[in-house]
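Hi there,

Here is the structure I promised to pass on. Have a look at it first, and then read on for what turned up.

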Amino acid sequence: MKLLTAVVRPFVVDDVRDALERLAILGMTVTEAQGYGRQKGHREVYRGAEYQVDFVQKLRVEVLLDDDLVERALEAVVKACHTGRIGDGKVWVTPVDTVVRVRTGERGSDAI
Amino acid sequence: MIDTGDTAWLLVSAALVMLMTPGLALFYGGMVRSRSVLNVMVLTFVCLAAVGVVWLLFGYSLAFGDSVGGVIGDFGLAGLHGLGERTVGPPGHQVPLLAFVAFQLMFAVITVALLVGAVAERARFWPWLLFVVVWVTVVYVPIAHWIFAFDGYQAPHGGWAANKLHALDFAGGTAVEVNSGAAAVALALVIGNRHGWPRQAPRPHNLPFVMFGAGLLWFGWFGFNAGSALGANGVAATSFVNTTVAAATAVLGWLVVEQLRDGKPTTLGAASGAVAGLVGITPGCGYVEPLGAAAIGVIAGVVCSLAIGLKYRLGLDDSLDVLAVHGIGGFAGMLLVGLFASTGVNSAGANGLFYGGGLDQLWRQAVATLAALGWSLVATLVIAWVIHRTLGLRADRESELDGIDEAEHAESAYDLAVHPSRRGVGAGGEVHR
């Protein structure tokens, strides 16, 4: 089992969900996140005073996956997030030891 | 004989001006950080309470009672006792005196409320309330007397600027705008800069508040300016049109400056430009033609926008730019009356430089403005300094950094947490979920 984590622009999250649903991946967790990467935030101006905003608003999407779905899911997410401009985000995959479905007590792939 | 039309307009105008104070609370509240919004709003709002009581007890009497040497009124009207039956105004256009009392009260309220912009995010509540009471009495009341109290209107003798100098100030360019701008400088000097300013100048936390507040100010300003005609008449209509025209051109003026200087027209700039234009046209709204008002508006918008940088050059944390928007805008507006005023618009006025009046009116405008500025600056410095030294006008460092709302008021504006992080502890000590 793997955990796919994507930090994405807020407005692409519906596209990500649609793309994953087409692969019959039916669950995801979304949290608000802030951060910066290569673009180093952005500039705002209030009454002539400039502010450097270091942290950009993002959404963090997390999806638990069976190993055989990882490549297709990764491709789908990257495609859904891609605009080609700076700030498109990052996607990474980490191994997961155990998953338990709280309602039934099922473990592993059955719990995804 | 009371004129019901005039009376109705004056009462509505008083109500419109009242609305400017909660409007200002929104305007200011949006410009500060979320941890200070309640403090800024309540300091503004409480002026309605404090000045209302001062006005009743002695404020109105000292501002509009019979003049002592043209400098201040007497105590003859203290307590507003027995005024219910009295009327004021020219024959055929009488209004109840208490309508005038109410209208002028709202001017006093908004003027001191403007000063919150100079002390935002760091002023303690009770010392501020004491400051409001003393400042209105010692600074606002005399200046209002100088400029608004006309011989014979309410009392036999009025103020020197209105009757001897014949400075023209239709709706309070000196008493409200220049006065608050000068006092803001004094207050900011006494209370000191916010921690970290200007290195970490705080960003506005809610620009929609600012826009809504600016909209309410614009709306209320119709009462402020057109109400100053003290009747439902042609001068009121002229003032109304001039008010909105000046705000319109000032918005555009401010935004063009921003586009050229910063590369983007901003929301805060549009809101600030509107206020700058309203400030700029205030003294002249009943004396100039609509095209003159348009010129005054665009000048106010451009000048105030450029003046915003002044506080950084002076190193003075006039947090919400009371000096740049109200002080400089009011100063410019007062002087521009000396250029654009026309007796063709208002026979009670004078001709400015552009209407064949020469420099005569201009120097009268300058003298009234500088007198208000000087008295406001000096007296505010003394009042603020004494209160600061005795009671402490400023919150301590921790309160300011952790959030003055919580430290001063035991409240916070927003509870956005999903988790039940706040437990209600009832008065009896039992825990409520």
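This is a predicted model: local features need pLDDT of at least 70, side-chain atom pairs count only at pLDDT 80 or more; totals for chains, interfaces and linings use all residues.

Helices here are DSSP runs of H or I with at least four residues, strands are runs of E with at least two, and both are numbered from the N terminus.

**Backbone points in chain B**

B:His166 has a positive phi, near 60 degrees, although the residue is not glycine. Its relative accessible area is 45%, so B:His166 counts as partly exposed.

B:Ala410 is another non-glycine residue with positive phi, in this case near 55 degrees. You will find B:Ala410 in the loop between α16 (404-409) and β5 (424-425) of chain B. Is B:Ala410 buried or exposed? With a relative accessible area of 69%, B:Ala410 is exposed, because anything over 50% falls in that class.

There is also a cis peptide bond to look at, running from B:Trp197 to B:Pro198, with omega near 0 degrees. B:Pro198 belongs to the loop between α7 (173-191) and α8 (207-226) of chain B.

**The annotated span**

An unreviewed UniProt entry carries the annotation "domain: Ammonium transporter AmtB-like" for residues 8-414 of chain B. In the model, that span is 67% helix and 2% strand, and its end C-alpha atoms are 40 Å apart.

**Where the chains meet**

How much area do chain A and chain B bury between them? The figure is about 1100 Å², with 55% of it on carbon and sulfur atoms. On the side of chain A, the residues that lose the most area to chain B are A:Tyr46, A:Arg47 and A:Tyr51, which together make up 68% of what that side buries. Nine residues of chain A and 19 residues of chain B take part in the contact.

Two salt bridges cross the interface of chain A and chain B. One of them pairs the side chains of A:Arg47 and B:Asp321, at 2.9 Å from N to O. Between the two chains there are also six residue pairs in polar contact, with both residues at pLDDT 80 or more. On the chain A side, the elements that give two or more residues are β3 (42-46) and β4 (49-53). Of these, β3(A) gives the most, with four residues. Sorted by class, that side of chain A has five nonpolar, one polar and three charged residues.

Best wishes

Methods: Residues are numbered from 1 along each chain as its sequence is written. Chains are lettered from A and ligands numbered from 1 in the order in which they are written. Side-chain values use heavy atoms; hydrogens and water are left out. UniProt positions are given in the numbering used here, feature names are shortened, and annotations may be inferred rather than shown by experiment. Contact means heavy atoms within 4.5 Å. Buried area is the accessible area (1.4 Å probe) that two parts lose on being put together, summed over both. A salt bridge is a side-chain nitrogen of Lys or Arg within 4 Å of a carboxyl oxygen of Asp or Glu. A polar contact is a pair of N or O atoms within 3.5 Å; within protein, one must be able to donate a hydrogen and the other to accept it, and residues adjacent in sequence count only if both atoms are side-chain atoms. Ala, Val, Leu, Ile, Met, Phe, Trp, Tyr, Cys and Pro count as nonpolar, Asp, Glu, Lys and Arg as charged, and the others, Gly among them, as polar. Buried means under 20% relative accessible area, exposed over 50%, partly exposed in between (1.4 Å probe, protein chains only).
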